[in-house]
Amino acid sequence: MSTEAVAMARQTMEFQAEVKQLLHIVINSLYTHKEIFLRELIANASDALDKLRVLALTDTAVLEDSPDLSIFIETDPANRILKISDNGIGMSYEEVLENIGTIAKSGSATFMQQAVNQEGANLDLIGRFGVGFYSAFMVAEKVTLLTRPPKSELGVRWESTGDGTYEIEEVEKKTRGTEVILQLKPTGPAADNHDEDFLNQYTIQKHIQKHCNFIAYPIRMNFVTEEPESDSSGLIVEGTKQISISERTLNSIQPIWMKNPKETEREQYVSFYRQHFHDWNEPAEILHTKSEGKVEFTALLFIPSQAPYGLYTGDPPKGPQLYCKHVLVVDDCRELLPDYLRFVRGIVDASDLPLNISRETLQHDAQMQVIKNHLEKKVLEKLKGMLADERTKYEAFWNELGKSIKGGLFMDYRNTEKLQDLLIFESSRSSEQKTTLQEYVDRMPEQQNSIYYTVGESRAAIERLPQLEVLREQNVEVLYFLDKVDEFLTQHLREYAGKKLQSVSRGDLDLKNDREVNTDEQYKELLQFMQETLKDKVKEVRLSKRLKSSPVCLVSSDSGYSLNMERLMAEANQPILRATRILEVNPNHGVIKALDKLLKNADSEARLSDCCQLLYDQAMLVENYKIEDPVKFANLLSSLIIEAYAGGGDK
Ligand code: ADP
């Protein structure tokens, strides 16, 4: 558009509905941490400079006549104007429409409103939702954006008061990059808050040093200083004032990852993390490592304390940034970490990579492979350390990101050894503390040969399962697999420390049992009858060793699909594969004895067959599975009640 001879005339446009909603929240609900708008605008400027620098690697013409990449802050206190400019990549007309008028991540406004409702506005929600530009409206009553991409004749002017519409037009702009001009809101009585005086140079300096110290480009500002004049002999002359203006660089610039870890405070890392990765939460772990072997590199990685936005919804966060000798060469370098560690944010600065390295080269580059293996190892060590030393923190991490670690087990069998020790599960032993597999094994009595687990939607649902009755009575610990993916995990992790992982709903349980198993003989005929009646539904009907007070339960065979997998596949609309069902019957339950009695009565065959159907459906219901024909189930049940209490016969 900008190459056309005629500039786009001024137009007034409506914000996308979601943006309106967002602006409304920003303007009306967020009133603390106002200074973060500075961090957000500077982060945008820094990103824009990064992008330009990457472009310049292959096309130096984009640098035009201003190769010194920097950010500039200007104030005009008399008019309450604050301006932040960069000579970065800028935006074309279409890009402004797309980036500033709309919001890519749908649902952000709703999430933000929910967060405001739940947690109040006393939080840096802007940082969490990645909608930085709009934070300007926390402090400004009008925002003007002037921007121009490199090698372009025309720039774009965008302006809005945040009220639902914005103006946009093409204009002349001499310099490359972006200027964000804020007409600050008039100060109210609360403005004696020095921290919110964004026209005060010391306030700005303080906020920049706190939030943007390690931005890789100089953030400059003209500083006005007043000093008394001195006479020719150097003595201060009382009552005089000399005003001088000098340009200052407000930030330290030296990349934080090049600092000595021993001389770097956690606070500095945290501030860098927040600023650079737009995550207001403190990271769970920080990993600063230098490798001086065959491949030289420095890495600064952060394990977040919350799953990054989009991690589990198909919009995964960016990979680490790859720098070469402090220059960003790849912004989203997924090749640096295995996919299952996608949640790790960070920076890798290598010494020997070509600056114009291509995607294809990255994938096959031997150095990259070395770095990747090294980083994976380091991250896993860090997690292992956290698990060992900071259990509460690890459990919190696990709740957010454990799923990813499990993903690592699915992706590659070679990871099993490394990852199995990081798994933690709920168990029957305690509702408070999770357990590792090793801890479970350490507690196992000598005669126990398997690690028992069961899959379910919640602790409560699991604890109602009939399959657990005898195990509970015998005090056998059972792991509770509550995550949907856990079922599939068992396909990859069949044993641990030589002990088989055994589902309580599969195969035969290797339990001590003081009951007479020879009751098999006693109920042989009944079992045969049931088997025949239910032959379309179950592979086998057998007496159970795991039931105590329930009459029946369903289990599946040791191999093949489990019932839960069948359900998960059905939910995921995968071709339905049926699990092999085995109906287990409790020989000590009154129902079985009653059925046996019916069996001995020649006239009751139809009734007995109804009861078998009912019991099967009951077993399905207890597990929260759908039954095939609920109407038939209900009718059978009604007729049984009538038979029992209304004198019988009336079906
Ligand atoms: P985010 O930075 O999280 O993507 P923002 O609302 O802060 O969200 O910015 C939206 C987009 O606008 C950015 O992704 C970027 O493409 C563009 N943008 C913002 N500020 C600048 C700038 N100073 N220079 C160039 N592009 C910018």
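These notebook entries record what I looked up in the structure.

**Basis.** I worked from a predicted model, in which local features need pLDDT of at least 70, side-chain atom pairs count only at pLDDT 80 or more, and totals for chains, interfaces and linings use all residues. Residues are numbered from 1 along each chain as its sequence is written, and side-chain values use heavy atoms, with hydrogens and water left out.

**Overall form.** I noted 21 helices and 23 strands in the protein chain (DSSP runs numbered from the N terminus: helices are H or I of at least four residues, strands E of at least two). The C-alpha trace spans about 125 × 60 × 55 Å along its principal axes. I found that buried residues (under 20% relative accessible area, 1.4 Å probe, protein chains only) make up 51% of the 651 residues.

**Helices H17 and H19.** I looked up the packing of H17 (residues 524–533) with H19 (residues 590–600): the angle is about 85° and the axes are 10 Å apart. Axes are lines fitted to C-alpha atoms over the stretch in contact, and angles run from 0 to 180 degrees between N-to-C directions. The two helices are therefore roughly perpendicular to each other (65 to 115 degrees). Glu525, Leu526, Phe529 and Met530 in H17 meet Ile592, Leu595, Asp596 and Leu599 in H19, with contact meaning heavy atoms within 4.5 Å.

**Positive phi.** I recorded a positive phi of about 55° at Arg80, which is not a glycine. Arg80 lies in the loop between strand E2 (71–76) and strand E3 (81–86). Ala497, also not a glycine, has a positive phi of about 50°; I located Ala497 in the loop between strand E19 (495–496) and strand E20 (499–503).

Notes:
Parallel < 35°, antiparallel > 145°, perpendicular 65-115°, else oblique. Buried < 20%, exposed > 50% of the residue type's maximum accessible area, 1.4 Å probe, protein only.
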